[in-house]
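Let's take a walk through a protein chain, from the whole fold down to a few single residues. Keep the picture in view and find each residue as it comes up.

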Amino acid sequence: MEQQTQSDSTLPSRSYRGVLAVQIIALVLLVGAGLLGQFALFLEVPLCIAAMAAFTVFWPFRGTWIDRLLGVLAGLVSFVFAFNALGSGVLYPPLRVTGKLAVAASPLIRWACVYVMLLALFTVIGFARQMARKERTNLLRSLSQSLTGVVAMASMPGWLFISVVASTRPFGGARFWAADVVCVVALALVVLMVIASRFWLKDFDPDPAVPAPWIGLALLPVMLLGLVSFAATLALLLCQFGVAG
């Protein structure tokens, strides 16, 4: 037991400054790419793929290769359907929509349906895996870490939808102030997630075999913020076109 404790104490680590630096770089690139108008998607795609690949390599949780595989599958399916929703939409059933808001928001609604189904499916798979274990020690911890990896990977493609707002026309009048409120709330959530990662670092307990797992921990809030990007985009579309748009 003493030998195991000593081994764990020498895990690859990094100060909060290193974690914060990775987060700032990732967020600047993702948000900056979203400000490039019609070219936003072309930069968001490789950035999302790079973040998901890095998170898989520098997996910040203890677990087996199956946990990573489930995360990769969830991320891959989510990414494919998000990208397709912004493109041809051939993976979705035909959807007849009228009105500017419905047309603009339809890619987001389609992906949201896929996202919810993915979470439901992988939650069931996660519970089934834990129930099939002969030794169910640390069951809740294993389940929560596995599902957190799945949620993070599935949420990352939400950053792609920032390109929808980037291609809309400027806001004016009361809608400008409403859009400002949305941006302030989104920024506050970003700051809270970054601050929260400092507390996660204190309880950091990665797999000793994973190289530089602190990078995965740094990317975790960035990937979860894909949901904030998605929600903010939908809210900004409401500001742009109005509920009756």
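Of the 245 residues in this chain, 43% count as buried. Keep in mind that this is a predicted model.

What is the chain built from, helices or strands? It has 10 helices and 0 strands, so if you read along the sequence you simply get α-α-α-α-α-α-α-α-α-α.

**The core**

Now look inside. The largest nonpolar core has 62 residues, and Phe 55, Met 156, Trp 159, Met 223 and Leu 237 are the ones that touch the most other members. As a general rule, nonpolar side chains in soluble globular proteins tend to be buried together.

Beyond its neighbours up to four places away in sequence, Phe 55 touches Pro 60, Phe 61, Gly 149, Ala 152, Met 153, Gly 216, Leu 219, Leu 220 and Met 223.

Is Leu 220 buried or exposed? Its relative accessibility is 5%, and because the cut-off for buried is under 20%, Leu 220 counts as buried. Leaving aside neighbours within four places in sequence, Leu 220 is in contact with Phe 55, Phe 61, Thr 148, Ala 152 and Trp 200.

Setting aside neighbours within four places in sequence, the contacts of Gln 23 are Val 194, Ser 197, Leu 217, Ala 218, Pro 221 and Val 222.

Leu 30 is in helix α2 too, and it is buried, with a relative accessible area of 3%. Apart from residues up to four places away in sequence, Leu 30 touches Glu 44, Leu 47, Met 156, Trp 159 and Val 222.

| Pair | Apart in sequence | C-alpha to C-alpha |
|---|---|---|
| Leu 220 and Ser 197 | 23 residues | 8.3 Å |
| Leu 30 and Val 222 | 192 residues | 9.4 Å |

**The largest pocket**

Next, some open space. The largest pocket holds about 600 Å³. Its lining has 24 residues, and the closest to the pocket centre are Val 31, Ile 162, Cys 183, Ala 186 and Leu 236.

Which helix gives the most to this lining? That would be α8, with 8 residues. The helices that each supply at least two lining residues are α2 (16–34), α7 (162–166), α8 (174–202) and α10 (226–241). Sorted by type, the lining divides into 19 nonpolar residues, 4 polar and 1 charged.

One last stop: Ala 212, placed in the loop between α8 and α9 (213–224). What is phi of Ala 212 near? The value is near 45°, which is positive in a residue other than glycine. For comparison, most residues other than glycine have a negative phi.

Terms used:
Residues are numbered from 1 along each chain as its sequence is written. This is a predicted model: local features need pLDDT of at least 70, side-chain atom pairs count only at pLDDT 80 or more; totals for chains, interfaces and linings use all residues. Side-chain values use heavy atoms; hydrogens and water are left out. On a 1 Å grid over the protein atoms alone, a cavity is a set of points where a 1.4 Å probe fits but cannot get out, and a pocket is an open set with protein on both sides within 12 Å along at least five of seven lines; lining residues have an atom within 4 Å of a point. Grid points are joined across faces, edges and corners, and a volume is the space filled by probe spheres set on the points. Helices (H or I, at least four residues) and strands (E, at least two) are DSSP runs, numbered from the N terminus. Ala, Val, Leu, Ile, Met, Phe, Trp, Tyr, Cys and Pro count as nonpolar, Asp, Glu, Lys and Arg as charged, and the others, Gly among them, as polar. A nonpolar core is a set of buried Ala, Val, Leu, Ile, Met, Phe, Trp, Tyr and Cys residues joined through side-chain atoms within 4.5 Å. Buried means under 20% relative accessible area, exposed over 50%, partly exposed in between (1.4 Å probe, protein chains only). Contact means heavy atoms within 4.5 Å.
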